Amino acid sequence: MEFPDYFADAESSYAIASYIIFGIPYEHSSSFRHGADKAPQMIREASWNYETYDLITGFDLSEISFHDYGDLPVQKLQPAVMYHQVTTFIKKIISDNKFPLAIGGDHSITPGIIHALPNDCMVVVLDAHLDYRQEYNNDPFNHACVIRRIADFLPPSHIHVIGVRSAEKQEYLDAQKDGIHIISNHDIRIQGLQSIIASITKQCAGYPLYLSLDIDVIDPAYAPATSTPEPFGLAPLEVLTILEHLPSPLIGYDTVEVCPSYDHGQTALLAAKLLRYIIQFHSRKPKP
Ligand SMILES: [Mn+2]
């Protein structure tokens, strides 16, 4: 079956829309599986599965104005050039007073987005991996270095990584020493999700907040199509709970690391549904 080439229900023009969805089909150097550059197209296609009304939020997505900008033409660019172009694009969206929703691509797209945001913003990253290496395979832009690249320009105390269950010993020690907030899947199991959400809310209070969802934070049983799957992940409902209860004001979102060819479409379905929820959760929160 043929689907329209835009995200379902993104029927508004750029000028009218409050939310701008765009793809960054960029895969630079995934360390295990490949194909994250195909994710924007597959997540858009998956989005047509869903009905517009939602029983949890009471919203009908057809009543929220959002726009699908298409993909940024960055596939063949060197990482530093891609980074710069993404930053320029996000600055435009922010200055137009709109909310950016990026569909990656591998996780290397995220630092360029955050670089365009206010320099006092808080960042919450949901990720199985700590990604705090200074470089990986002599490459500072590798997706294994994402949190370190964000820490190049944001204070480590503004960076929260949730769901971590994989790191190299040295990067873990470095991240702890530098003051990155690390919340492992084990912490979530022991302390409970509500207590974790409460502490993040306290730490982020009063700051604008950006959220990056690496789909590999979710257990590979639910989201197998990802570059570097890690067992013992969060359940989709736990991630939904985190998304629903993050402190406001949320100022942007990305979903990364879906590698569509490694499953029967369920990972793209999950990414599409979570993106639809982000729009609804943000719509019901009081604006800053
Ligand atoms: Mn990851």
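Select Ile21 to begin. Leaving out residues up to four places away in sequence, Ile21 touches Phe7, Ala10, Phe66, His67, Asp68, Tyr69, Leu101 and Ile103. Contact here puts C-beta atoms, placed from the backbone, within 7 Å. This is a predicted model: local features need pLDDT of at least 70, side-chain atom pairs count only at pLDDT 80 or more, and totals for chains, interfaces and linings use all residues. Numbering starts from 1 along each chain as its sequence is written.

Now show Asp68, the bridge partner of Ile21 in E2. Strand E1 (residues 19-24) runs parallel to E2, joined by 4 bridges. Strands (E, at least two residues) and helices (H or I, at least four) are DSSP runs, numbered from the N terminus.

Widen to the sheet. It is open, with 8 strands in the order E2-E1-E3-E8-E7-E4-E5-E6 and parallel pairing; a pair needs at least two DSSP bridges. Strand E2 (66-71) and strand E6 (181-184) are the edges, each with a single partner strand, so one side of each lacks a neighbour in the sheet.

Next, the core. The largest nonpolar core has 88 residues, and Ile21 and Ile147 have the most contacts inside it. Such a core is a set of buried Ala, Val, Leu, Ile, Met, Phe, Trp, Tyr and Cys residues joined through C-beta atoms within 7 Å; buried means 20 or more other C-beta atoms within 10 Å of a residue's own. H9 gives the most to this core, 9 residues.

Last stop: helix H8 (residues 236-245). Its buried residues are Val239, Ile242 and Leu243. Among the elements covering them are strand E4 (122-126), strand E5 (159-164), helix H7 (193-204) and helix H9 (266-284).

Key
A residue is buried if 20 or more other C-beta atoms lie within 10 Å of its own, exposed if 12 or fewer, and partly exposed in between; C-beta atoms are placed from the backbone. Two residues are in contact if their C-beta atoms, placed from the backbone, lie within 7 Å.
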